[in-house]
Amino acid sequence: RRVPLRRGLMAELAERLERAREFLRARGIGEPKVALVLGSGLSEAITLEDSVSVPYAEIPGFPSSPGGAVAGHAGRLEAGNLAGVPVLVLHGRVHYYEGVELSEATFPVRVAKSLGARWIGLTNASGGIDPAYEVGDLVLITDHLNLLGDNPLIGPNDDSIGPRFPDMSMAYDPELRRRAERVARQTGLSLKHGVYAAVAGPTYETPTELRLLRLAGADLVGMSTVPETIVAVHGGLKVLGLSVVTDLAFPEAAESVSHEAVVKAARAAAGKVAALLTGVIREEA
């Protein structure tokens, strides 16, 4: 049984957002143009100038992991400048498999929008289902499969925040994707493309599950990102999705996977993630 951190209805969301926003304003956090979520092993990939940092546990309404933060997720919000652009960075995330309702786990995305962010970059570590992928590859997410068996928008809807039935036909913004491709060419970074499947976890997939995911059209598999994308689109935020392949998840080369190895592989690719995101953000200046 899932245990939600908070049981407020969507009708209460505006009030919760106001409390979080006013708290962060009082801590000296201004209006960002861009927000970033840094996933497993990527929490320290981005370094901001003139930054202010606040632990998630201190922010009103923010979710926290019931069992403590998952390894590789720092659990703090930071605001500052990157390439001359005001940026909000969410170092780490809370996951569905931790027993947190999706509407609560995605609350930080709502806060980023409330503070003024125009778009959000969502990063993650993933298993590579496409046999053409190698560990360490950067993959631009072009679409997704929500296989979590849940949706963060289930429940009452607040029309002032977003529509009851948001259109997901272009969930990952085409212009941001073109910008990322342009930056990759200019900087010599190899950037692949793929469809990301979100599963509930926390178990890694069986070979049969991987074959099913491939048949369904997935190139990548992970346990995050899709709920945040749904909430971002619902709230009017454009989304850039970026995945680091941390293990080979195609049945022919199925291998034993550990979270420690996933985090290690993601950290090894953190420099490439930082270079790509910095280049994309620089065009906001």
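Buried here means under 20% relative accessible area, exposed means over 50%, and partly exposed covers what lies in between, using a 1.4 Å probe and protein chains only. Ser160 is found in the loop between strand 6 and helix 4, and its C-alpha atom is separated by 9.2 Å from that of Gly235, 75 residues apart along the chain.

A few ground rules before going on. This is a predicted model, where local features need pLDDT of at least 70 and side-chain atom pairs count only at pLDDT 80 or more, while totals for chains, interfaces and linings use all residues. Residues are numbered from 1 along each chain as its sequence is written, and side-chain values use heavy atoms, with hydrogens and water left out. Helices (H or I, at least four residues) and strands (E, at least two) are DSSP runs numbered from the N terminus.

**Around helix 6**

Gly235 brings us to helix 6. Which residues of helix 6 are buried? They are Val226, Pro227, Glu228, Thr229, Ile230, Val231, Ala232, Val233, His234 and Gly235. That is 10 of the 10, so helix 6 is largely enclosed by the rest of the structure.

In the loop between strand 8 (220-222) and helix 6 sits Thr225, a residue other than glycine with a positive phi near 70°. Thr225 counts as buried because its relative accessibility is 1%. Just after helix 6, Gly236 takes a positive phi of about 90°.

**Helix packing**

Helix 3 (residues 107-115) packs against helix 6 (residues 226-235) at an angle of about 30°, and their axes are 9 Å apart. That makes helix 3 roughly parallel to helix 6. For reference, axes are lines fitted to C-alpha atoms, for helices over the stretch in contact, with angles running from 0 to 180 degrees between N-to-C directions. Angles under 35 degrees count as roughly parallel, over 145 as roughly antiparallel, 65 to 115 as roughly perpendicular and the rest as oblique.

Taking contact as heavy atoms within 4.5 Å, Val109, Arg110 and Lys113 in helix 3 meet Glu228, Val231, Ala232, His234 and Gly235 in helix 6. Those residues divide into three nonpolar, two polar and three charged. In this scheme Ala, Val, Leu, Ile, Met, Phe, Trp, Tyr, Cys and Pro are nonpolar, Asp, Glu, Lys and Arg are charged, and the others, Gly among them, are polar.

Helix 3 also meets helix 1: the axes come within 10 Å and cross at roughly 65°. Helix 1 and helix 3 are therefore roughly perpendicular to each other. On the helix 1 side the contact takes in Leu13, Arg16, Leu17, Ala20, Arg21, Leu24 and Arg25, and on the helix 3 side Phe107, Arg110, Val111, Ser114 and Leu115. This contact divides into seven nonpolar, one polar and four charged residues.

**Salt bridges**

Side chains of opposite charge can pair when their charged atoms come close. With a salt bridge taken as a side-chain nitrogen of Lys or Arg within 4 Å of a carboxyl oxygen of Asp or Glu, the count comes to 12 salt bridges. Among them are these:

| Pair | N to O distance |
|---|---|
| Glu104 and Arg16 | 2.9 Å |
| Asp137 and Lys192 | 2.8 Å |
| Arg179 and Glu283 | 3.6 Å |

Are Glu104 and Arg16 buried or exposed? Glu104 counts as buried at 2% relative accessibility, and Arg16 counts as buried at 6%.

In the second pair, Asp137 is buried at 13% relative accessibility, whereas Lys192 is partly exposed at 25%. Asp137 lies in the loop between strand 5 (119-128) and strand 6 (138-147) and Lys192 in strand 7 (residues 191-199), 55 residues apart.

Salt bridges that share partners join Arg179, Arg182, Glu283 and Glu284 into one network.

Most residues other than glycine have a negative phi, and most peptide bonds are trans. Asp50, in strand 2 (residues 49-55), has a positive phi near 50°. At 68% relative accessibility, Asp50 counts as exposed. A cis peptide bond joins Gly201 and Pro202, with omega about 0°, and Pro202 lies in the loop between strand 7 and helix 5 (207-215).
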